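Have a look at it first, then read on.

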Amino acid sequence: MLDLVIFYFFAALAVVSAVLVVTRRNVVHSAIFLATALLATAGIFLSLRAEFLFIVQIILYTGGILVLYVFVIMLVNLDVALHQVQFNRRWYVALLLTVLLGAQAFAAILVSRQSLYTLPPAPAQALEPNTELVAWGLFHTYVLPFEIASVLLLVAMIGGVVMAKKRI
Amino acid sequence: MDLNAILQWPHLVPLICALAIVLVLPLVAGYIVLVERKVMADMQVRLGPMRVGPHGLLQPIADALKLLLKEDIIPENADRYIFWLAPLISVTAAMLALSTVPIGPVFLIADLNIGLLFILGVGALGIFGIVLGGWASNSHYSLLGALRSAAQLVSYETSAGMAVVGALLLAGTLSTKAIVERQAQDGVWFIFAAPVGFFVYLVASIAETNRAPFDMPEAESELVAGYMTEYSGFRWALYFLAEYTNMIVVASIATTLFLGGYLRPFAGTPLFDFLDYLPALLLLLVAGYCFYRVPKQPVGVQKGFMAVVGLLCGGMALLLALPAAAPAGSLLAGAKPGLHGAFWFVAKVGAYLYVFMWLRFTFPRYRFDQLMRLGWQFLLPVGMVNLAGIAVALALHRGLGWGVVPSFALTTALTVAVAAYLVWIGEKQEVRKIGEEETAGNA
Amino acid sequence: MVPIGHYLFLSLALFSIGIVGVVTRRNVIIILMSIELILNAVNINLVAFSRLVGSVEGQIFAIFIITDAAAEAAVGLGIIIAFFRNRETVLADEMDILKW
């Protein structure tokens with residue numbers, strides 16, 4: 001019962017924040033609502049007993065990526081963009097297509113979720129202790145993708161610096 | 001609603017601890033400001049606040065009243081909602097970080113499995129308060145100060161993280177209470193096993209809280225208080241509270257990780273059990289000093305006040321001595337870990353904050369580019385070498401069976417050598433840069 | 001545990017809102033933020049199934065996705081800064097230098 005209440009709270013917060021992200025005129029307001037959406041997602045991770053992912057979401061996504069977004073918003077002068085039209089000229093076509101796509105996926109989930117319900121959820125103890133299991137997986141089973149991810153981050157760092165420098 | 005059922009509620013103790021922290025923290029932060037002013041005065045051979053209340057002890061209350069009653073000014077084209085929201089984010093993030101800090105074996109609001117990472121993550125959320133505050137003020141100085149401050153915080157966060165991970169290798173767990181218990185088990189505080197890590201964390205935490213000598217973004221002669229420029233009255237008080245709460249948080253992390261948390265020195269050895277009477281002895285000495293100064297006060301009110309402070313210290317000494325002297329198993333002896341743990345924790349945090357204040361009044365300010373160079377080109381490499389060194393020391397000690405002292409002494413010496421080399425390189429670069437500037441200016 | 005269908009619907013909702021943001025808005029920064037929403041929706045899906053099945057691999061995949069999102073945000077924002085320095089605009093409609 002408490003699980004359901006917590007899920008609905010974080011889910012409502014995430015969906016409302018997401019809608020506000022997409023519709024605000026002021027970009028800084030969008031960034032703040034994106035922060036709220038990310039924190040709601042972190043709450044959902046915690047309620048799914050993914051403690052390490054909860055804290056990684058807060059440190060990396062909200063405390064790192066979003067701060068990067070806010071930095072760039074402040075470096076780029078957006079007063080001019082504030083007074084222009086915010087949406088595409090053919091926004092209704094885009095909205096219609098997205099609603100169709102969403103409805104199709106919705107119908108697919110609606111029809112097929114019964115087969116998923118026959119699978120009993122694994123006991124919560126299977127994910128304990130969470131940090132140790134994630135570390136074991138990252139450094140033992142999936143160490144090659146881990147190293148590739150480090151190289152990717154290095155390349156992205158160099159790329160970001162080169163892109164943003166005034167004179168290379 | 002019978003009392004027993006309420007007392008058995010599992011969330012009762014965390015709730016009481018949370019209420020205690022939230023209610024007491026603003027007062028404590030205010031008195032830390034007073035202590036800082038008194039310490040500053042002492043280092044500058046003067047007296048500090050003496051007027052408001054006996055020996056200036058009502059100064060924080062007067063300051064708080066003034067700030068509450070000030071006019072609330074919002075700049076003209078500022079974004080009202082973000083202007084209102086930014087100090088709130090700072091204060092919330094700072095107070096939330098105190099929820100996993102173990103002030104005693106029982107005084108812990110939430111014993112998370114990922115306690116230490118939680119504090120680091122919530123500290124990262126505090127950066128939002130600074131950046132949004134600077135932006136919402138609709139002023140160039142505020143924005144520049146906010147961006148500089150946030151850049152500094154982000155840079156030193158990585159170095160602090162490296163130092164923390166080094167100590168985590170020794171602890172083997174992320175839960176704050178388990179880290180302290182591990183130091184009790186091993187019998188040695190982690191500062192003795194990783195002194196370079198402690199040094200890196202000390203410097204990084206001074207920069208994390210925007211304290212001098214790293215306070216360029218909020219120095220008055222530079223950017224007129226940076227992101228706090230347009231804030232006045234209670235909103236400024238919230239930012240100030242957030243800054244001092246952040247200081248308490250980083251001091252708590254350092255105490256938990258490196259200085260043994262709520263343990264007394266030599267916690268494991270029964271030989272040193274006489275140290276259990278040390279808190280009471282110290283407080284008795286303070287009480288004795290207060291009574292000694294009573295006849296030397298000029299005014300009757302101050303005489304009475306000193307006598308009252310002396311009596312209070314004496315009372316606390318008695319409170320700390322009784323559980324130590326009580327026979328094991330009685331109710332008083334059961335209260336001993338909590339009371340003594342709180343005393344040792346507060347003493348260690350106080351010592352760490354005193355080092356903060358001492359460094360503030362001793363060193364000149366770093367220029368911003370020097371600050372960033374120090375963070376990225378000195379502290380981060382030293383932190384990484386420290387991490388590798390601790391890993392090697394642990395491999396030597398646990399894997400190859402070397403003794404504790406040889407393995408850790410060896411790696412500490414290597415890390416110090418690398419740090420000295422980096423300092424030498426940095427000095428050469430700085431001298432060359434000054435040489436280049438001179439020739440460029442003459443040309 | 002909450003039934004898995006709930007998490008699937010939530011993930012779908014966030015995914016659709018993200019797609020609406022990407023195809024509808026003109027401001028490039030908000031387009032990038034909507035992409036972050038899409039990635040978060042996928043993460044929720046992965047973690048929900050990891051809980052259902054009892055294996056931690058879904059969470060490891062989610063960590064890799066977060067790493068990827070960080071790299072992409074860094075490079076994308078660098079490109080936006082470089083473009084803004086040249087053309088003074090962040091609206092996607094006006095980034096049409098390659099047209100004849």
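1. Ground rules. This is a predicted model, in which local features need pLDDT of at least 70 and side-chain atom pairs count only at pLDDT 80 or more, while totals for chains, interfaces and linings use all residues. Residues are numbered from 1 along each chain as its sequence is written, with chains lettered from A and ligands numbered from 1 in the order in which they are written.

2. Chain B, fold. You'll find 16 helices and zero strands in chain B (DSSP runs, H or I of at least four residues for helices, E of at least two for strands, numbered from the N terminus). Chain B is as compact as a globular protein of its 443 residues, because its radius of gyration of 24 Å is close to the 22 Å from the globule rule (taken over C-alpha atoms; the rule is 2.2 Å times the number of residues to the power 0.38). Along the principal axes, its C-alpha atoms fill a box of roughly 80 × 65 × 55 Å.

3. Chain B, packing. Buried residues make up 40% of the 443 in chain B (20 or more other C-beta atoms within 10 Å; exposed is 12 or fewer, partly exposed in between, with C-beta atoms placed from the backbone). Taking contacts in chain B between residues at least 6 apart in sequence, 76% join residues at least 24 apart (a contact is C-beta atoms, placed from the backbone, within 7 Å).

4. Chain A against chain C. Here 73 residues of chain A are in contact with 61 residues of chain C. On the chain A side, α3(A) gives the most, with 12 residues. By class, that side of chain A has 58 nonpolar, 12 polar and three charged residues (nonpolar: Ala, Val, Leu, Ile, Met, Phe, Trp, Tyr, Cys and Pro; charged: Asp, Glu, Lys and Arg; polar: the others, Gly among them).

5. Domains of chain A. Chain A splits into domain 1 (1-111) and domain 2 (126-168), with bounds from an automatic or database domain assignment. Their C-alpha centres lie 23 Å apart. Four residues from domain 1 of chain A and four residues from domain 2 of chain A form the contact. The domain 1 side has two nonpolar, no polar and two charged residues.

6. E94(C). Where does E94(C) lie? E94(C) is in the segment after α3 (57-87) of chain C. With 14 other C-beta atoms within 10 Å, E94(C) is partly exposed. R26(C) is 68 residues away along the chain, yet the C-alpha atoms of R26(C) and E94(C) are separated by 9.1 Å.

Notes: Two residues are in contact if their C-beta atoms, placed from the backbone, lie within 7 Å.
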